[in-house]
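Could you walk me through this protein as a set of questions and answers?

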Amino acid sequence: MKVGAEIMKKQQIRRQLIQTVKEQQLFRADEHVVVALSGGFDSLHLAQWLTEGHLPQALQPVVSVVYINHQLRDDAAVEEAFVADWLQQHRTQFKQVAMLKMDWPAQPEHGVEEQARQQRYVLLKQQALQWGTSIIVTAHHQDDQAETILFKLARGSQLQQLGGMAARQVMPDFEIRRPFLTLKKTELPLLVDIPIENYIVDSTNQDTNYARNLIRQTIMPAIGQLNQNFAENMVRSAQQLTALEALAKPEILAAVLRIQAGTYDFMQADQTQTSLVLQAWLQQQGCYQVKHRQLTQIWQLMRNQSINRGMVQLAKPWVVYRQDHKLILKQDSGKN
């Protein structure tokens, strides 16, 4: 009975993933995609699933892989050797293979995670473009999604950022696709025919001085004691939040037009709703970094009936100016 249940579970997970690929339009047979391969549990399952023939022919893309040595840990050389050996054993599965190294002018002391993430995507994009594609595939799964949402919630991120990672994230000159976002980490082995027993375990994953590790190792297990489906429930709530935002978008854009025309009624409008409108107005003009405190300052500036001029400094170089009933966003060069 147990074996039969496991087979049924495997078939169900695989069918659901193919359905997700279809609904999200993640892959096509005429596409060339690049897997971001770290040698860890998740990315090895992604690379193997994409090349074992589980996708219908119409959805099966050409697959290449890129491994990046971050050169930040003492065991980086051992990790690279493991990946090189794995790629040699599986070379025929991929159209192209690249092993790259990050170049650090100086070892970063602060914000290591974010700097490494940014540089990783730069290298992935550059290599993909050299191969004539712009599609990068990552192995982020449901647990990663819940971790990301918690991380952004703790940092005080804006509403639209709490929707988590998108299955398809289109950037100016490349695209990230994440087929595993609906799957738990523990479900990944159900996707492949040949079990993956050897993989890299990042030695820094246990270091809770890193914010994401603290969330992964301490906070999420603690919340999981309240409800073992916590990650799934959080992701579902984030999806509902994204859906609500989509429903509200026409009203928000109409309110943005009133801000541009100087006819938005700051005296009568709700402050929280106005914050959403201001964020949309700023983002339309390319200003994405704004804090709740700054939105409150704009709100107070426009409600102050004793003045008709004023300014609020945002993240440099952006400045918001009030001119009578209108708001104007400018980039301040800082030159006198």
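Tutor: Welcome! This is a predicted model, where local features need pLDDT of at least 70, side-chain atom pairs count only at pLDDT 80 or more, and totals for chains, interfaces and linings use all residues. Residues are numbered from 1 along each chain as its sequence is written, and side-chain values use heavy atoms, with hydrogens and water left out.

Student: How many helices and strands are there in the protein?
Tutor: Both are DSSP runs numbered from the N terminus: helices are H or I with at least four residues, and strands are E with at least two. The C-alpha atoms fill a box of roughly 75 × 50 × 45 Å along the principal axes. Counting the runs gives nine helices and nine strands.

Student: What share of the 336 residues is buried?
Tutor: A residue is buried under 20% relative accessible area, exposed over 50%, and partly exposed in between, using a 1.4 Å probe and protein chains only. By that rule, the buried share of the 336 residues is 40%.

Student: Which residues does UniProt list for "binding site"?
Tutor: UniProt positions follow the numbering used here, feature names are shortened, and annotations may be inferred rather than shown by experiment. The entry is unreviewed, and its list is Ser-38, Gly-39, Gly-40, Phe-41, Asp-42 and Ser-43.

Student: Is Asp-42 buried or exposed?
Tutor: Asp-42 is found in helix α2, residues 41–51. Contact means heavy atoms within 4.5 Å, and beyond residues up to four places away in sequence, Asp-42 touches Ala-139, His-141, Asp-144, Phe-180, Lys-185 and Leu-188. Because its relative accessibility is 15%, Asp-42 counts as buried.

Student: What is the relative accessible area of Ser-43?
Tutor: Ser-43 also lies in helix α2. Apart from neighbours within four places in sequence, Ser-43 is in contact with Ala-36, Leu-37, Ser-38 and Ala-139. Ser-43 is buried, and its relative accessible area is 4%.

Student: How far apart in space are Val-21 and Arg-178?
Tutor: Val-21 is found in helix α1, residues 2–24, and it is buried with a relative accessible area of 0%. Setting aside neighbours within four places in sequence, Val-21 is in contact with Leu-26, Phe-27, Trp-49, Leu-55 and Leu-59. Val-21 and Arg-178 are 157 residues apart in sequence, yet from C-alpha to C-alpha the distance is 9.6 Å.

Student: How are α5 and α6 placed relative to each other?
Tutor: Axes are lines fitted to C-alpha atoms, for helices over the stretch in contact, and angles run from 0 to 180 degrees between N-to-C directions. Helix α5 (residues 142–154) and helix α6 (residues 211–224) have axes 10 Å apart and pack at about 105°. Angles under 35 degrees count as roughly parallel, over 145 as roughly antiparallel, 65 to 115 as roughly perpendicular and the rest as oblique. So α5 and α6 are roughly perpendicular.

Student: How many nonpolar, polar and charged residues are in the contact of α8 with α9?
Tutor: The axes of helix α8 (residues 271–284) and helix α9 (residues 292–303) come within 10 Å and cross at roughly 105°. The contact includes Leu-278 and Leu-282 of α8 and Ile-298 and Trp-299 of α9. Ala, Val, Leu, Ile, Met, Phe, Trp, Tyr, Cys and Pro count as nonpolar, Asp, Glu, Lys and Arg as charged, and the others, Gly among them, as polar. The contact of α8 with α9 has five nonpolar, five polar and no charged residues.
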